[in-house]
Amino acid sequence: MTINQTPSAIKVTGLRKSYGDKVVLDGIDLDIPEGSVFALLGPNGAGKTTAVKILSTLTTPDAGAVTINGHDLARNPDGIRTSIGVTGQFSAVDILLTGAENLRLMADLSHLDRRIGRQRCADLIEQFDLGEVAGKPVITYSGGTRRKLDLAMTLVGAPRIIFLDEPTTGLDPRARRTTWQVIRDLVADGVTIFLTTQYLEEADQLADRIAVLDNGRLIAEGNPEDLKRRVPGGSISLTFATAAALDDAVRTLGGQMIRNDEALGLQIPSDGSARAVQGVLDRLETGSIRSLSLHTPDLDDVFLALTGQPSTNDQKDQK
Amino acid sequence: MNTASHAVADTLTMLRRNFKNQLRYPTSVIAIVGIPVLFLLLFVYVFGGALGTAVAGAAAGRQEYVNYILPGLIIMTAATGSLGAATSTSVDMTEGIIARFKTMAIFRPSILIARVISYVTQTLASMALVLGVALLMGFSPDASLVDWIAAVGLLALVSFALTWLGIAFGLAAKTLDTASNLPFPLILLPFVGSGIVTTDSMPAGLRQFAENQPFTPIIETLRGLLMGSHIGHSGMVAIAWCVGITVVGFLWAIKGFARDRTR
């Protein structure tokens, strides 16, 4: 894939950030072309939010160069601020104002002409289906409605580059699909989207390019297909009748695999071909195998192959 | 890109937001006015008969005591106003909307400037309410127009200083609880000064503290302006304290504001 034909919306080299002893970003390079969706994928604590904070001018990096929409972060953060919109993980709305007043606040702070600003707010209320609640204080809104308003506020200034930090975390499936549609519409208008997510499906659905962040480093980058290709065939899942049989299998097969003692299960990275399956079965006592299934590759497998641990474990670790 | 060209427009936008919040949810004004009014009622009606004699001589009573205590409670209102500034600043910071403002190309100081203006306004309005209650209770000031103008100027200065300090508390505190606890000693300072009784009646060590803490010269100056008592060098000391507190609060607030507060 050639990515250098369109100009870069976001270009990052050697980005580093530490909080005390903890290295959060350990040398990140990114080059995101205009009009594309870029997903930064990673478990909680991988450094995704820190990356967004730095790129959206909230935090200064320890080292590295950042250029957004042609503006240098160190020299002209206000230039960047005129080009971007940010929706963080936590809602950034004034709960004491009404939805319409929140939008108007954004229009005023974006220095839009009064008439254009009014029109823009009315359009967004319509687009986000906020008509019924627009006149009520946000404190009365449900969580999902607040998120919608939050996203609408981000769009008031018609930013060319939008950062969405886990935009659908905590949303119900319907609200999630609505958000995805909004993102697709924005991309159709040529807006660049920088998305962080821990949902592999979300990155797969939306992103042109995905980078996988783990412990402050990008451990893989490519389009969803590229990444899946790095784990050809996914994996073979086996469950065993007894713990002893599981032990035997682990000893016999060796190499990288995921073992689940509770379920007596074993997950072996594999290209999924008949030969590979036979190769595994030939080495095992097949009588002790209770079940066998083949796992087609998805981005979970990317995590498995790249980090040696499934992403779901990391998600369970969070609070 | 020069955001300073938007300084006035952005400050007005922020002010509109703050005033709307304050008018629609006047709960903080209720707390700011409520505490000094509660003390006013308690001290004048419960202790006033006895304390009047103590502060204004044998023939004095409740009436004289209202006149004595009001300046101290007006200054206490500046302290409760500071508490209001601290808590609502802390709430705002954790709500994330300030982080949103910081990602926009606005004149950043407008966030703090508008905040100071709206809290000072809130505190001065609260002082007017406390004064109103005191007038109903028989407070009879002995002040000329010039005295009143000077008194309002002094109160604006005190409110300005304590508002900066309150905002600094709100920015420095990691939690809302801390933000609401930090300014609390300020509310009690008029008690260990000349707010409730004269400092002459206190034991030596406490008396030394009471006479040298910032609120005493401020209260004495206000009392002088409103009641015609002797001000002396209290005026200059009061102004010096206000300027000092403003500088500390301002620098501390700027430091806290620059810090990234988002989680």
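Predicted model: local features only at pLDDT ≥ 70, side-chain atom pairs only at ≥ 80, totals over all residues.
Visitor: What makes β4 and β5 of chain A a pair of strands?

Guide: Pairing takes at least two bridges, and two bridges join β4(A) to β5(A), so the pair qualifies. The two strands run antiparallel, and Ile68(A) stands opposite His71(A) in β5(A). They form a hairpin with two residues between them. In that turn, Asn69(A) has a positive phi of about 50 degrees.

Visitor: How do you know that β1(A) pairs with β4(A)?

Guide: Again, set the count against the cut-off of at least two bridges. Five bridges join β1 (residues 8-19) of chain A to β4 (residues 63-68) of chain A, so they pair. These strands run antiparallel. For one contact point, look at Thr13(A), whose bridge partner in β4(A) is Ala65(A).

Visitor: Why are β2(A) and β5(A) called edge strands?

Guide: The open sheet has four strands in the order β2-β1-β4-β5 (chain A), with antiparallel pairing. β2 (22-33) and β5 (71-72) of chain A each pair on one side only, and that is what the edge label refers to.

Visitor: What makes residues 312-319 of chain A a stretch to read with care?

Guide: pLDDT is the predictor's confidence on a scale from 0 to 100, and over residues 312-319 of chain A it is below 50. Beyond near neighbours in sequence, that stretch has eight contacts in the model. For chain A as a whole the average pLDDT is 87, and 92% of the residues score at least 70.

Visitor: How do you know which residues of chains A and B touch?

Guide: Contact means C-beta atoms, placed from the backbone, within 7 Å. By that test, 26 residues of chain A are in contact with 24 residues of chain B. On the chain A side, the elements giving two or more residues are α2 (77-83), β6 (84-87) and α3 (99-109). α2(A) gives the most, with four residues. By class, that side of chain A divides into 11 nonpolar, 10 polar and five charged residues.

Visitor: Why is the crossing of α3(B) and α6(B) called right-handed?

Guide: A crossing is right-handed if the near helix is turned clockwise from the far one by less than a right angle. α3 (residues 62-95) and α6 (residues 145-172) of chain B pack at about 30 degrees, with their axes 7 Å apart. The crossing is assigned as right-handed, so the turn is clockwise. The contact between these helices has 15 nonpolar, nine polar and no charged residues.

How values were computed
Residues numbered from 1 in each chain as written. Chains lettered and ligands numbered in written order. Contact = placed C-beta atoms within 7 Å. Nonpolar A, V, L, I, M, F, W, Y, C, P; charged D, E, K, R; others polar. Axes fitted to C-alpha atoms, helices over the stretch in contact; angles between N-to-C directions.
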